[in-house]
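Okay, thanks for making time, everyone.

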Amino acid sequence: MPFHWFLPTAGDSHDIVSGGQASLAADTSRPPDIRYLALVARAAEQAGFEAVLTPTGTFCEDAWLTTAALLGETERLKFLVAFRPGLISPTLAAQMASTYQRISGGRLALNVVTGGEASEQRRFGDRLSHDQRYARTAEFLQVVRGAWAGTPYTFRGEHYDVENATVRDAPDPVPPIFFGGSSPAALPVAARHVDTYLTWAEPPAAVAAKLDAVRTHAKEAGRQLTYGIRLHVISRDTSDEAWGVARSLLARVPQSEIDRARAQFAATESEGQRRMAALTTGDSLEVSPNLWAGFGIVRPGAGTALVGSHAEVAARIREYQALGLDHFILSGQPHLEEALRFGENVLPLLSQGEK
């Protein structure tokens, strides 16, 4: 059961108002300079994580360049590089990935992010609609895999017209492709073209329903996928201590930031973001045992955290694993200290359960 951590390339802090991939005004008391990111990467490697997810967005440092710079700072850690497929040529992406695999000794995985909000896409000159972006992603991945196949690949579709796409040498191993998306347009793309489908953490019943929907599409396509989940963690020696940390995080969020985030989420095109925001509207932010929606009050993207004692967090992870989840992509504030805390206190409990 691979565990992965998160590389805060938009900056890090002790607060939850630091989702800097969406806003430059967020709290980044630890700027994302290469020295700090190297500390986080080495901590993740030491803690026992397999890879680190490196995000994409206007206010992040570029994921390809940053992680390449960190290869020499680590020995075995893999880098799950997020990128938006419509912004570069698929043949160029295949070439970049192939080169990366050779210079890293096979430490690359790809996280395909079909798109952010329309305003974010327009910054990069992309004016396709939500569903058109997913159709383009499907074609993009066809060309990437074709270019990796070892023989020149020609493709003509609605979005790409490519002749004899190929690379110098096929990547070895072929980078696994991760992908997230909750809309009806996203699920068939996942089923037909990716290796691992990712979801943000909702209550287990909702996650199970989403995974079942993807499995149905995959079965129709004659494929089998692996599945992953993205969430934050607040794990402490006692449950009371962990919930105290959660309350203190929320207490430091200015009302102006909550109002700004709610307005942003109300206008979102993202089905996944709508689902995250909906978890914050009930009577309690504990939307399932030990699952707290407090991050989603103000932060875009993954909005939930497992909160509790180390044993409680391990137990909830086991419950998600029982749904068929294979990969867990975790984060915590700040990312340096929390990587070590989780690695020292929760991973051993999960390892014991595997023996």
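So, to start: which residue does His4 stand opposite in β13? That's Ile329. Quick caveats: this is a predicted model, where local features need pLDDT of at least 70 and side-chain atom pairs count only at pLDDT 80 or more, while totals for chains, interfaces and linings use all residues. Residues are numbered from 1 along each chain as its sequence is written, and side-chain values use heavy atoms, with hydrogens and water left out.

Back to the strands. When I say helix or strand, I mean DSSP runs numbered from the N terminus, H or I with at least four residues for helices, E with at least two for strands. Strands pair if DSSP finds at least two bridges between them. Strand β1, residues 3–6, pairs with strand β13, residues 327–331, in the parallel sense over two bridges. β1 also runs parallel to strand β2, residues 51–54, and three bridges join them. There, Trp5 stands opposite Val52 in β2.

β1 is covered on both faces, too: Phe3 and Trp5 on one side, His4 and Phe6 on the other, all of them buried. Buried here is under 20% relative accessible area, exposed is over 50%, and partly exposed is in between, with a 1.4 Å probe and protein chains only.

Now the helices. Ala93 lies in helix α3, residues 90–104. Ala93 counts as buried because its relative accessibility is 4%. Leaving out residues up to four places away in sequence, Ala93 touches Phe83, Ile88, Phe140 and Val144; a contact is heavy atoms within 4.5 Å. Take Val144: Ala93 and Val144 are 51 residues apart in sequence, but 7.0 Å apart in space, C-alpha to C-alpha.

That takes us to helix α5, residues 130–148, whose axis comes within 8 Å of the α3 axis, the two crossing at roughly 50°. So α3 is oblique to α5. Under 35 degrees counts as roughly parallel, over 145 as roughly antiparallel, 65 to 115 as roughly perpendicular, and the rest as oblique.

Who meets whom there? From α3 it's Pro90, Thr91, Ala93, Ala94, Ala97 and Ser98, and from α5 it's Phe140, Val143, Val144, Ala147 and Trp148. By class, that contact of α3 with α5 has nine nonpolar, two polar and no charged residues. Nonpolar is Ala, Val, Leu, Ile, Met, Phe, Trp, Tyr, Cys and Pro; charged is Asp, Glu, Lys and Arg; the others, Gly among them, are polar.

α5 has another partner: helix α6, residues 186–193, packs against α5 at an angle of about 10°, with the axes 9 Å apart. Those two are therefore roughly parallel to each other. α5 brings Tyr134, Thr137, Ala138, Leu141, Gln142 and Arg145, and α6 brings Ala186, Val189 and His193. The tally for α5 with α6 is five nonpolar, three polar and one charged.

Two last stops. Strand β5, residues 153–156, and strand β6, residues 161–165, pair antiparallel over three bridges, and a hairpin of four residues joins β5 to β6. Tyr153 has Ala165 as its bridge partner in β6.

Note on methods. Axes fitted to C-alpha atoms, helices over the stretch in contact; angles between N-to-C directions.
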